[in-house]
Amino acid sequence: MEADFNTPPTTCEMAAKEEIVVKKPEVQLKGIGLGDNEDGDIAAAVCNGTVASYSLESSLGDCKRAASVRRTALELMTGRSLNGLPLEGFNYESILGQCCEMPVGYVQVPVGVAGPLLLNGSEYMVPMATTEGCLVASTNRGCKAILMSGGATSILIREGMTRAPVVRFQSAKRAADLKFYIEDPTNSDSLSDIFNRTSRFARLQDIKCAVAGKNLYMRFSCFTGDAMGMNMVSKGVQNVLDHLQIMFPDMDVISVSDKKPTAVNWIEGRGKSVVCEAIITEAVVNKVLKTTVPALLELNMLKNLTGSAMAGAMGGFNAHAANIVSAIFIATGQDPAQNVESSHCITMMEGVNGGKDLHISVSMPCIEVGTVGGGTQLASQAACLNMLGVKGANGTSPGSNAQKLATVVAAAVMAGELSLMSALAAGQLVKSHMKYNRSTKDVKAA
Ligand code: ADP
């Protein structure tokens, strides 16, 4: 959207075209409310610092208008056009105070669909938001191989969102005292009550403690229903810390852990821990995947297991789990940052039925997904959840929508592993990338 100033052209506007050093525009705001002014004047006031960009939503009372004004101000300030970043066609009210601050538009990511994915007796069409050519096509081929071999089985083996605050004392002895207090079974009911008070759905499962000198690291684990649960568990943890502070007034709360790949998550699990398996028949390996069972077994050993070990991988014993996890996460409104541990995966392959057919499994201990909260309620992300039949909260069995989503993520990862590994085994990777991933357009002309 172009700036539409009633005021004469400013140095700022000239800068937008010529990219010169910007001089702050002069503007005289009028009226009682900020909204009484022309959008261009408000943008100029944002540009010269008279109006705070972050306050536009509250002072204008119109999220779309706020985004539009902020965008104009941004173009003025940077001297760079935002053409190509759409503004129209998005509900800015839906992200206010929840998903994104200071919006100036939205990025379009294409959504492809892979499937049907036959999993636990049901067929799923899997939405994948990506700009990587080949990814959806490859996952789709893996889905076909699974379907033609009778389907996959995905099992949720554990679930619990975790948070790990660190508290500090004047002595190691006091840190140990708190560890003993938390681990004393006579205190566990009251700690659970205090934690669970924060939500209808939060249920504390356990608190694991590790002492490092005068510091105590507590790892809270909690059932969070259909929510991915970071906010939920944070609230519960805060309640428990407030309570512990009364018993241990010398306790200093330092911080809580955040999103990063860690060995404890890989070993203990975080979010949903899922194992998924399928037997792919020899005929399907040959016809659909265009390779052989022995070639796949050898490649899996050399690449996913030994290769990852040689690279010092932690939770990365797979070919490209992160590709599928990220694409589904973006499509369904998950937190893409949690790809870091959600993509932990070990892919295993064995010959079965006398070595003729292929048994493949993926074990993923940290699939951190939800179907309520965060980005899941936005229109396009909710539509993708709906495609999978897991939109929103499950009214009859809280938690089962998020559980099902986790099993679908694991099965889709398995489809992706099957297809990529087969392409590598058959030496097809470079060929297929040349076909789908190389733009044939003249980049300069585009
Ligand atoms: P997160 O912890 O994943 O960031 P939030 O705690 O922000 O998610 O959002 C979850 C919200 O959804 C909570 O307010 C919770 O009470 C509500 N909610 C409604 N139904 C459910 C359900 N079935 N499971 C979990 N939360 C639910």
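## The largest pocket

Helix 8 (230-247), helix 12 (321-331) and helix 14 (379-387) each give at least two residues to the lining of the largest pocket. Helices here are DSSP runs of H or I with at least four residues, numbered from the N terminus. The model is predicted, so local features need pLDDT of at least 70 and side-chain atom pairs count only at pLDDT 80 or more, while totals for chains, interfaces and linings use all residues. Residues are numbered from 1 along each chain as its sequence is written, and side-chain values use heavy atoms, without hydrogens or water.

The volume of the largest pocket is about 1,300 Å³. A pocket is an open set of points on a 1 Å grid over the protein atoms alone, where a 1.4 Å probe fits, with protein on both sides within 12 Å along at least five of seven lines; lining residues have an atom within 4 Å of a point. A volume is the space filled by probe spheres set on the points. The lining has 48 residues, and Cys99, Gly333, Gly375, Leu378 and Gln381 lie nearest the centre. It divides into 22 nonpolar, 21 polar and 5 charged residues. Gly counts as polar, and Cys as nonpolar.

## Around the ligand

Asp226, Met228, Gly229, Asn231 and Met232 come nearest of the 15 residues around the ligand.

## Polar contacts

A polar contact is a pair of N or O atoms within 3.5 Å. A polar backbone atom of aspartate 226 is 2.7 Å from a ligand nitrogen. For glycine 229, a backbone N or O atom lies 2.7 Å from a ligand oxygen.

Conventions:
Near = heavy atom within 4 Å. Polar contact = N/O pair within 3.5 Å; in protein donor to acceptor, adjacent residues only side chain to side chain.
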